[in-house]
Amino acid sequence: MITSPPNLLTVSRILAIPVIVGMFWLDGNIARWATMGLFVAAAVTDYLDGMVARSMGKISNLGRFMDPVADKLLVSSVLMMLVWTDRISGLMILPALVILCREIMVSGLREFLAGIKIGVPVSKLAKWKTGFQMFALGFLIVGTAGPAFFHPLVTTTAIGETLLSIAAVLTIITGYDYLRAGLRHMAEADESAD
């Protein structure tokens with residue numbers, strides 16, 4: 001079986017996850033920046049594989065399955081490592097938890113709806129959520145190794161936490177939208193089964 005370029009990009013994102021996780025054990029500012037660089041490269045493959053698949057007209061079922069799984073694995077792994085290393089702590093754990101719970105819920109919902117032959121398209125707002133989320137995680141990976149800004153309250157960590165909070169709000173909105181649509185399809189499936 002020959003894997004198409006979009007699938008190779010998705011596979012590369014999955015293969016980068018253990019390396020990114022392993023890099024959290026390295027000490028020093030250079031390690032944080034290198035981890036962020038690899039994370040950004042992995043996140044960019046998410047954009048590229050969709051763009052390449054559409055331009056080549058090669059949107060496969062395997063790609064539609066693997067792409068969201070790769071995203072969820074990458075985001076979940078990084079969130080867990082950020083909590084483990086205390087780069088996300090205190091009340092900021094709540095936005096991280098909201099994001100993780102939504103990812104699990106949407107995955108379960110997609111799996112159920114696939115069983116009744118209904119696809120769940122990704123909304124534009126969900127794409128914005130992913131963008132805020134990825135930027136937030138990049139800033140939080142760098143954390144205290146980031147540059148000093150023009151004001152003591154504007155730190156790399158503060159920017160990351162703000163973006164993560166915005167992502168969490170968008171996560172709730174998009175999660176609710178997906179759940180509402182999913183419940184409607186479930187009710188329709190129940191009615192047609194009667």
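**Notebook: a salt-bridge network**

I looked up K72 and found its side chain meeting that of E103 in a salt bridge, 3.1 Å from N to O. The pair links distant parts of the chain: K72 is in helix 3 (residues 61-84) and E103 in helix 4 (residues 93-115), 31 residues apart. A salt bridge here is a side-chain nitrogen of Lys or Arg within 4 Å of a carboxyl oxygen of Asp or Glu. Helices are DSSP runs (H or I, at least four residues), numbered from the N terminus.

I noted the ground rules. This is a predicted model, where local features need pLDDT of at least 70, side-chain atom pairs count only at pLDDT 80 or more, and totals for chains, interfaces and linings use all residues. Residues are numbered from 1 along each chain as its sequence is written, and side-chain values use heavy atoms, with hydrogens and water left out.

Next I asked: are K72 and E103 buried or exposed? K72 counts as buried at 15% relative accessibility. E103 is buried too, at 6%. Buried means under 20% relative accessible area, exposed over 50%, partly exposed in between (1.4 Å probe, protein chains only).

I then followed E103 to its other partners. E103 forms a salt bridge with K129, the closest N and O atoms being 3.2 Å apart. E103 lies in helix 4 and K129 in helix 5, so this pair ties together parts 26 residues apart in sequence. The side chains of E103 and R102 also meet in a salt bridge, at 3.6 Å from N to O. R102 is buried, and so is K129.

I put the pieces together: K72, R102, E103 and K129 are linked in a network of salt bridges. A search of the whole structure gave five salt bridges.

Notes
Helix = DSSP H or I, 4+ residues; strand = E, 2+ residues; numbered from the N terminus.
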